[in-house]
Amino acid sequence: MELSTPIGPLGVVVTRRGVLAVGLDGLPGAESAAEALELRPGALPAAVERVRAEFGAYFDGRLRRFSLPIDWRLSSGYAREVREKLYATVGYGETISYGGLARRVNDTEVEGEFGAARAVGRAMATNPVPVIVPCHRVLAADGSLHGFGGGLEMKRRLLALEGAVPDTLF
(Lines give C-alpha, C1' and ligand atoms only; values in the text may rest on other atoms or scores of the structure.)
Protein backbone atom coordinates (compact mmCIF):
# COMPACT_ATOMS: atom_id res chain seq x y z
CA MET A 1 0.00 0.00 0.00
CA GLU A 2 1.11 3.56 -0.55
CA LEU A 3 0.38 6.29 2.00
CA SER A 4 0.28 10.00 1.31
CA THR A 5 2.11 11.75 4.16
CA PRO A 6 3.50 15.21 4.93
CA ILE A 7 7.00 13.90 4.15
CA GLY A 8 6.00 12.37 0.82
CA PRO A 9 4.60 9.02 -0.25
CA LEU A 10 5.50 6.05 1.92
CA GLY A 11 5.16 2.51 0.65
CA VAL A 12 4.34 -0.16 3.20
CA VAL A 13 4.44 -3.93 2.77
CA VAL A 14 2.41 -5.80 5.38
CA THR A 15 2.46 -9.56 5.95
CA ARG A 16 0.51 -11.74 8.36
CA ARG A 17 3.43 -11.25 10.79
CA GLY A 18 3.40 -7.44 10.64
CA VAL A 19 5.04 -4.56 8.78
CA LEU A 20 7.86 -5.97 6.67
CA ALA A 21 9.06 -2.88 4.82
CA VAL A 22 8.52 0.86 4.61
CA GLY A 23 9.70 2.56 1.45
CA LEU A 24 10.67 6.19 1.93
CA ASP A 25 10.35 6.68 -1.82
CA GLY A 26 6.89 5.13 -2.07
CA LEU A 27 5.71 1.64 -2.85
CA PRO A 28 8.53 0.62 -5.25
CA GLY A 29 11.12 0.92 -2.48
CA ALA A 30 9.08 -1.18 -0.05
CA GLU A 31 8.31 -3.81 -2.67
CA SER A 32 11.93 -4.11 -3.76
CA ALA A 33 12.97 -4.69 -0.14
CA ALA A 34 10.43 -7.52 0.09
CA GLU A 35 11.32 -9.22 -3.22
CA ALA A 36 13.84 -11.58 -1.66
CA LEU A 37 11.09 -13.26 0.36
CA GLU A 38 8.99 -14.04 -2.74
CA LEU A 39 5.75 -13.14 -0.99
CA ARG A 40 2.41 -13.92 -2.55
CA PRO A 41 -0.10 -11.07 -2.70
CA GLY A 42 -3.09 -11.42 -0.45
CA ALA A 43 -5.72 -9.32 1.23
CA LEU A 44 -5.09 -8.26 4.82
CA PRO A 45 -7.73 -5.52 5.23
CA ALA A 46 -7.57 -5.30 9.03
CA ALA A 47 -3.77 -5.01 9.02
CA VAL A 48 -3.83 -2.43 6.22
CA GLU A 49 -6.39 -0.33 8.06
CA ARG A 50 -4.34 -0.49 11.24
CA VAL A 51 -1.24 0.69 9.35
CA ARG A 52 -3.19 3.57 7.81
CA ALA A 53 -4.61 4.56 11.19
CA GLU A 54 -1.28 4.49 13.04
CA PHE A 55 0.66 6.39 10.36
CA GLY A 56 -2.17 8.93 10.17
CA ALA A 57 -2.12 9.42 13.94
CA TYR A 58 1.68 9.70 13.95
CA PHE A 59 1.72 12.40 11.28
CA ASP A 60 -1.16 14.22 13.02
CA GLY A 61 0.93 14.31 16.22
CA ARG A 62 -1.45 12.00 18.12
CA LEU A 63 0.75 8.88 18.20
CA ARG A 64 4.11 8.78 19.96
CA ARG A 65 4.89 5.07 19.64
CA PHE A 66 3.85 2.66 16.95
CA SER A 67 2.21 -0.50 18.21
CA LEU A 68 2.17 -2.20 14.83
CA PRO A 69 3.75 -5.64 14.84
CA ILE A 70 7.01 -5.77 12.91
CA ASP A 71 7.90 -8.64 10.61
CA TRP A 72 11.66 -8.79 11.32
CA ARG A 73 12.54 -11.22 8.50
CA LEU A 74 14.54 -8.55 6.61
CA SER A 75 16.73 -7.93 9.65
CA SER A 76 19.25 -10.34 11.10
CA GLY A 77 22.38 -10.54 13.21
CA TYR A 78 23.99 -7.37 14.44
CA ALA A 79 21.76 -5.08 12.34
CA ARG A 80 18.64 -6.57 13.92
CA GLU A 81 20.12 -6.24 17.40
CA VAL A 82 20.84 -2.55 16.78
CA ARG A 83 17.40 -1.89 15.29
CA GLU A 84 15.62 -3.65 18.14
CA LYS A 85 17.65 -1.65 20.69
CA LEU A 86 16.79 1.60 18.91
CA TYR A 87 13.11 0.67 18.73
CA ALA A 88 13.01 -0.28 22.43
CA THR A 89 15.05 2.55 23.95
CA VAL A 90 14.85 5.77 21.90
CA GLY A 91 11.43 7.32 22.19
CA TYR A 92 9.46 9.98 20.40
CA GLY A 93 11.23 13.33 20.42
CA GLU A 94 14.51 11.81 21.64
CA THR A 95 17.73 11.47 19.70
CA ILE A 96 20.89 9.44 20.16
CA SER A 97 24.28 9.41 18.46
CA TYR A 98 25.53 6.47 16.43
CA GLY A 99 28.19 5.88 19.11
CA GLY A 100 25.61 6.18 21.89
CA LEU A 101 23.48 3.51 20.25
CA ALA A 102 26.56 1.32 19.81
CA ARG A 103 27.22 1.66 23.55
CA ARG A 104 23.65 0.59 24.30
CA VAL A 105 24.29 -2.51 22.22
CA ASN A 106 27.59 -2.95 24.12
CA ASP A 107 29.58 -2.94 20.90
CA THR A 108 32.45 -0.58 21.74
CA GLU A 109 34.72 -3.35 22.98
CA VAL A 110 34.56 -5.19 19.66
CA GLU A 111 35.44 -2.45 17.16
CA GLY A 112 36.31 0.59 19.24
CA GLU A 113 33.85 3.45 19.45
CA PHE A 114 34.45 4.85 15.96
CA GLY A 115 34.13 1.44 14.29
CA ALA A 116 31.08 0.58 16.36
CA ALA A 117 29.41 3.87 15.40
CA ARG A 118 30.07 3.11 11.73
CA ALA A 119 28.57 -0.37 12.16
CA VAL A 120 25.46 1.23 13.67
CA GLY A 121 25.37 3.60 10.70
CA ARG A 122 25.37 0.64 8.32
CA ALA A 123 22.49 -0.94 10.28
CA MET A 124 20.53 2.31 10.08
CA ALA A 125 21.23 2.75 6.35
CA THR A 126 19.68 -0.63 5.61
CA ASN A 127 16.74 -0.40 8.04
CA PRO A 128 13.77 -1.96 6.20
CA VAL A 129 11.17 -0.31 8.45
CA PRO A 130 12.17 3.35 8.85
CA VAL A 131 9.83 5.68 10.75
CA ILE A 132 8.49 2.71 12.77
CA VAL A 133 12.03 1.70 13.77
CA PRO A 134 13.09 5.33 14.11
CA CYS A 135 16.50 5.55 12.44
CA HIS A 136 15.76 9.26 11.87
CA ARG A 137 16.44 9.74 15.60
CA VAL A 138 20.10 8.70 15.22
CA LEU A 139 22.45 11.67 14.79
CA ALA A 140 26.16 12.30 14.34
CA ALA A 141 28.28 12.65 17.49
CA ASP A 142 28.13 16.45 17.24
CA GLY A 143 24.31 16.40 17.02
CA SER A 144 24.18 17.14 13.30
CA LEU A 145 21.97 15.31 10.87
CA HIS A 146 23.82 12.62 8.99
CA GLY A 147 22.55 10.10 6.51
CA PHE A 148 18.96 9.07 5.91
CA GLY A 149 17.44 7.01 3.11
CA GLY A 150 14.84 9.65 2.35
CA GLY A 151 17.36 12.49 2.50
CA LEU A 152 18.30 14.92 5.23
CA GLU A 153 15.27 17.13 4.61
CA MET A 154 12.94 14.20 5.34
CA LYS A 155 14.96 13.37 8.46
CA ARG A 156 14.72 16.99 9.59
CA ARG A 157 10.93 16.99 9.01
CA LEU A 158 10.45 13.81 11.06
CA LEU A 159 12.54 15.21 13.91
CA ALA A 160 10.65 18.52 13.78
CA LEU A 161 7.33 16.66 13.87
CA GLU A 162 8.51 14.99 17.08
CA GLY A 163 9.84 18.23 18.54
CA ALA A 164 13.44 16.99 18.56
CA VAL A 165 14.63 19.91 16.41
CA PRO A 166 12.98 23.27 15.91
CA ASP A 167 10.94 23.48 12.74
CA THR A 168 12.63 26.81 12.03
CA LEU A 169 15.51 24.80 10.53
CA PHE A 170 13.45 24.37 7.33
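The model is predicted: local features need pLDDT of at least 70 and side-chain atom pairs count only at pLDDT 80 or more, while totals for chains, interfaces and linings use all residues. Residues are numbered from 1 along each chain as its sequence is written, and side-chain values use heavy atoms, with hydrogens and water left out.

**Domains**
- The protein chain is assigned domain 1 (2-60) and domain 2 (77-162), with bounds from an automatic or database domain assignment.
- A distance of 21 Å separates the C-alpha centres of domain 1 and domain 2.

**Interface**
- Contact (heavy atoms within 4.5 Å) links nine residues of domain 1 with 15 residues of domain 2.
- The two domains bury about 1,100 Å² between them, 77% of it on carbon and sulfur atoms; buried area is the accessible area (1.4 Å probe) that two parts lose on being put together, summed over both.
- In domain 1, the most area is lost to domain 2 by I7, L24 and Y58, together 60% of what that side buries.

**The side of domain 1 that touches domain 2**
- Both β3 (18-23) and α2 (45-59) supply at least two residues of this side; helices (H or I, at least four residues) and strands (E, at least two) are DSSP runs, numbered from the N terminus.
- β3 gives the largest share, four residues.
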